[in-house]
Amino acid sequence: MIKTTLKKLAIAAAITTASLASTGMAWAEDTIKVGVLHSLSGTMAISETTLKDTMLMLIEEQNKKGGLLGKKLEAVVVDPASNWPLFAEKARELISKNKTDVVFGCWTSVSRKSVLPVFEELNSILFYPVQYEGEESSKNVFYTGAAPNQQAVPAVDYLMNDIGVKRWVLAGTDYVYPRTTNKILKAYLIAKGVKEKDIMINYTPFGHSDWQSIVSDIKKFGNTGKKTAVVSTINGDANIPFYKELGNQGISAEDIPVIAFSVGEEELSGLDTKPLVGHLAAWNYFMSVESDENEEFIDAWKKFIKNKDRVTNDPMEAHYIGFNMWVKAVEKAGTTDPSVVQKALIGVSVPNLSGGYSAMMPNHHITKPVLIGEIQKDGQFDIVWETSGLVAGDAWSDYLPGSKDLIADWRSPLSCGNYNVKTKKCSGQNY
Amino acid sequence: MLLMNILKNDKPGLWLLGILLVVSIAVPILNLLVPENSAFHISTYTVTLLGKYLTYALLAVAADLVWGYLGILTLGHAAFFALGGYAMGMYLMRQIGERGVYGDPVLPDFMVFLSWQELPWFWQGFDQFWFAALMIILIPGILAYVFGYLAFRSRVTGVYLSIITQAMTYALMLAFFRNEMGFGGNNGLTDFKDILGFDLRADSTRIALFLASAAALAIGYVLSRIIVSSRLGLASVAIRDAESRSRFIGYRVENIKLWVFVFSAILAGIAGALYVPQVGIINPGEFSPLNSIELVIWVAIGGRGTLYGAIIGALLVNYSKTYFTAALPEIWLYALGALFILVTLYLPKGIVGLWSLRKTRKTQKMREEKT
Amino acid sequence: MPLSATTVSVKKTFPPLLFFFVSFFISFFMLMSMAQQTVASEIPAESSLEDAWKTLSQKNYNKKSGAIEVIAQQNPPEARPAMKAMLEGQLYYAKRGKALYFLKEVNDNYEFTPLFDTDPALKPVLQENRRGFKKVKVNNRLRRMIRQLLAVMQLKHEDADIRLAAVQELLKNPETEAADLVKNAIGKETDQRVITSMQTLLAVIQLENGDETAQLAAINTLANSLNSSAMNALTAYQAPTKALENKAQSAINKINDKRDLYAKAETIFFGLSLGSVLALSAIGLAITFGVMGVINMAHGELMMIGAYTTYVVQLLMPDNIAMSILVAIPAAFIVSGLVGIAIERGVIRHLYGRPLETLLATFGVSLVLQQTVRSIFSPLNRSVETPEWMSGAWQINEVLALTWNRLYIIFFCLAVFMALIAVMKKTSLGLQVRAVSQNRTMARAMGVRSKWVDALTFGLGSGIAGLAGVALSLLTNVGPNLGQAYIIDSFMVVVFGGVGNLWGTLVAGMSLGVINKLLEPWAGAVLAKILVLIFIILFIQKRPKGLFPQRGRAAED
């Protein structure tokens, strides 16, 4: 018994070693490799697996159209397992071992921060599809998600002007995105004449599950007769217990509306939305947007994933835009060489799913419309407000003292992600 | 002399040190001197990966010292590793100087970002390497001393001790996640530029870090071997096997435990300090209790209470993780889970148990042949 | 204007993109001016009712709100059902002709009935989708307005609860116009709760508009009310005389004292409810780990299986959500229990006497279970619906409300615990379990089939983990990571209570919950948790075997 087990183990070990040696040669065929760096296990798998599937779908569709530059595209999928140092390791593996020409990936800011030095060192391209706190512009990263001025600030404007909100609860998970967003929003609100005592800021740890006290505090804060709203930057996992508690303590959207920046169709699909009707979310895309591109995209997605109940969401749209921008830039440049494509990407404009065009700005952020939707019983959003034009992503917020003098422009002669217009300096560049 | 004597009795250890020596000579040559298109070239990616494995191996040695020889199943050793890493990270952060994106000469980027006005007191001094190096040893050491002093003095043992080590690392994780703590919150410390004036991106720096890790592992291993072969080590094994009895014989059980524990924490801290510049980020996730549990699993898979087993386990598990996450991204957890289950069921003494198993088989066979 | 810095640099170097910035600015300024308009201008009153109904199919929310007001004022018979349907999102209009329809979903089909049955040209439509119709969209502001208008209409409803809700709705935004209506209604009112609320409402209005004697009476009424509008009215009150000011102040103090008391009661309730969740998730572990000595890292995943079982049960009986939870309880117990027995038979039985190895093997099991769930149910969270009877809160008074689901979970936790104690103390299985855990060899010598007992004990512990999963599915995410979120806390609770002591687990869970909640208002959620952990570490120094240490020889290893 033991003997055979040992033999098996030995064989397994031999296979593992052999396969290690062979991985270097496995990609001999002439294809264009597209890296997909999304967690498929661990805490972030909930959100990121969908994006991996989205990329596989986009690549498949592109191949059906005949590929790119006469070659087929090939997806290289790895699992960084929601482990931030592993993200850096896998990024390096994708670029230097698998020779990918572009990588689509990351969700959390920390994973992006972790891979950033790798992309800069190896001079590759990363498309980052999630709304984030801004305060960054790298030569090698293209940010297709929203910067705070493309999501948070317009959302607060809407609440203030259209709903008449006077008192504000800024509730978030304790990490960089909520901290920064809330800092920006607080500065913005105070600039608009809101008093300090009418702003309540609250931070909770990741995956916080017991919201009883906080929801009860919000209720008390909102009971003073002035219209109150909650601006929520609560992160993924903690949202569901938060909304469940809101429903149970009887806080309806008419009393205290909650506007969220990280709750989309995907998150709502894990939730009974009946008690939540009327709560809000601000994004650059909703599945309920009425446009031909969107209907095509939804049909293609449902077909690809073989499930008619699956939903689409904003980061998926960001990958859709990012991928098409990259394809267009490669066609324009005639090569997949990252250093050429980086330059070609700026100014590229492709259709987005809400019926307009999104363009890549010189600061590596894109232009997008801002939409505000109310949650409906069926887990979808009714769009109640949208910007009349497109909003350009601002890498450096004007409401933070440290960054108000900084601009990003990756075209020559400036070619800098954080140019200080006062000191005329471009610090910390690694190239 | 003493050293030679000790190592003479440690054949696998000698083998391991030998391999380590060969690797540390071969890798730099194959990376720096062999041209990139040659089949023998080792990419910088591999070098960094190996360097990371070596720091894990050192951490595993540290854990084996307390688990294998003191009998304390520590579920919080990753905390010391992370603390060492943070001390190094703070030094590397200060080295960035005004090359940060905001160009602030003193404050790291994340502080500017959150509008901190001045450097908190606990960041002072980390611009000096010697100070950081001292802290890499002192902080895990002091924490281990205080924690151990309290725990061993009140004779907390068994699972109770395991769970409070877990509580310790869990509390630290939550604390470091808080942005008010001043350690960068969830994003941690990142975007390092150079160490001691050498560019972290240069291949030569990578090789140097790899060699430093190899050297640290070798020295850590030898020191641990000396400790376990000394009277202290024998006494600790006695404590592991029969604590009350050792106490009645007259050993100062608490003190012995405490010093081995502190030493192990320092080793873990050094491992963390070498780990950070190679992976380029340190964040509170390193404190996660799951990391500590995984660490114990490396030791168990390699073979507990042998020191070299810990090294083998760390290398094997981490290599399979690297391999599986790329080769079987969708189902690699099955493979890893199955590996854990099978090894515990069929190899109770870990991988190195195979060795002694073979040995006993051989002697058995020889005996059979004689009769 | 800091933004201009960006624009200038762009202008110099990249003219085409200027367009985007300009459009951004224009939209920004338009927004600003729009905002002022909304605040400043009154909605143009629409004279004709017919126009008002037509306006509902328009997109502009301001126009719609004017129309709704007109409809409410004229109050035709269709007004109330139409407004209710709007709240429910069930008022539609045909894309062609813009006629209004009610939507009703009948067995996956959509039935559209016209709002006005007078017009013979309009007929009910039954179709498979909603094509050809569009929803009359309402936003929060409209919804709130409709509720207020409905409240006025419903002051004379025959159901006392609805009348109460109507008065409460009016109290949220007390307006002078409502005073006459309420004065009219209060004389005919019979229900005491409604009368009290109405009195409060009248007092709030009096305090603002009445003369001094009326104000004094109002203060006296409001001093006994806990309603937040009462408090707000008192705080905003500008007293004409010193005496009235003092009176108002003491009324405020009185209310505040009462509120503080109830706030404390609420905190204790929160603590007990958190504690019951902790205890519930730890009880199963108290058996597998505490009694059997298996360091069961897969415990969290067994809870996860319980939660997924609840989800599957709801999928199987979508028309009976109310019952589904009751069905899920035994189902989760059986499923998790069977998985537990499989784990015991497959893995753990080889490891008795090697407790530390069980940690490794069960950790492996937990990875496999997580990935299995991910493969079967996808990594996305699944939604478990809270049945009607468990949602909402038990409103004890205006400031103290206990949520039903939490209350049920506290009782559920106690019930599970009692049942377990009964099994352990009163049944022969319990006797055998205790015998095997205390002295395996001796028990076997006495004829106890220890293997069988081991499997059943592990199954029992796992089954209880499954029960915890049912409770958790109502509170939090049902996803592959559910188990990991609770495993560490569960171990803390068991160890804090004393390994091997079931009562210890219950007391530990409850007290950690209460301590956490008492600390939370003062220290914040994160710090509270850290402090609790430090407390556990220090407590174990003081009592190295937990709250209730096991005594006797068996306890010494």
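## Ground rules

This is a predicted model, in which local features need pLDDT of at least 70, side-chain atom pairs count only at pLDDT 80 or more, and totals for chains, interfaces and linings use all residues. Residues are numbered from 1 along each chain as its sequence is written, while chains are lettered from A and ligands numbered from 1 in the order in which they are written.

## Chain B

Chain B holds 15 helices and four strands, taken as DSSP runs numbered from the N terminus (helices H or I, at least four residues; strands E, at least two). Of its 371 residues, 52% are buried, meaning that 20 or more other C-beta atoms, placed from the backbone, lie within 10 Å of the residue's own. The C-alpha trace of chain B spans about 80 × 60 × 50 Å along its principal axes.

## Where chain C meets chain A

Here 60 residues of chain C are in contact with 62 residues of chain A (C-beta atoms, placed from the backbone, within 7 Å). On the chain C side, helix 2 gives the largest share, twelve residues.

## Helix 21 of chain C

With 22 residues, helix 21 of chain C reaches 31 Å from its first C-alpha to its last, close to the expected 32 Å (1.5 Å times one less than its number of residues). Its buried residues include Leu502(C), Met510(C) and Glu520(C). The buried residues of this helix pack against helix 7 (212-221) of chain A, along with helices 12, 16, 20 and 22 of chain C. Just after helix 21, Gly524(C) has a positive phi of about 90°.

Terms used. Buried ≥ 20, exposed ≤ 12 C-beta atoms within 10 Å, placed from the backbone. Contact = placed C-beta atoms within 7 Å.
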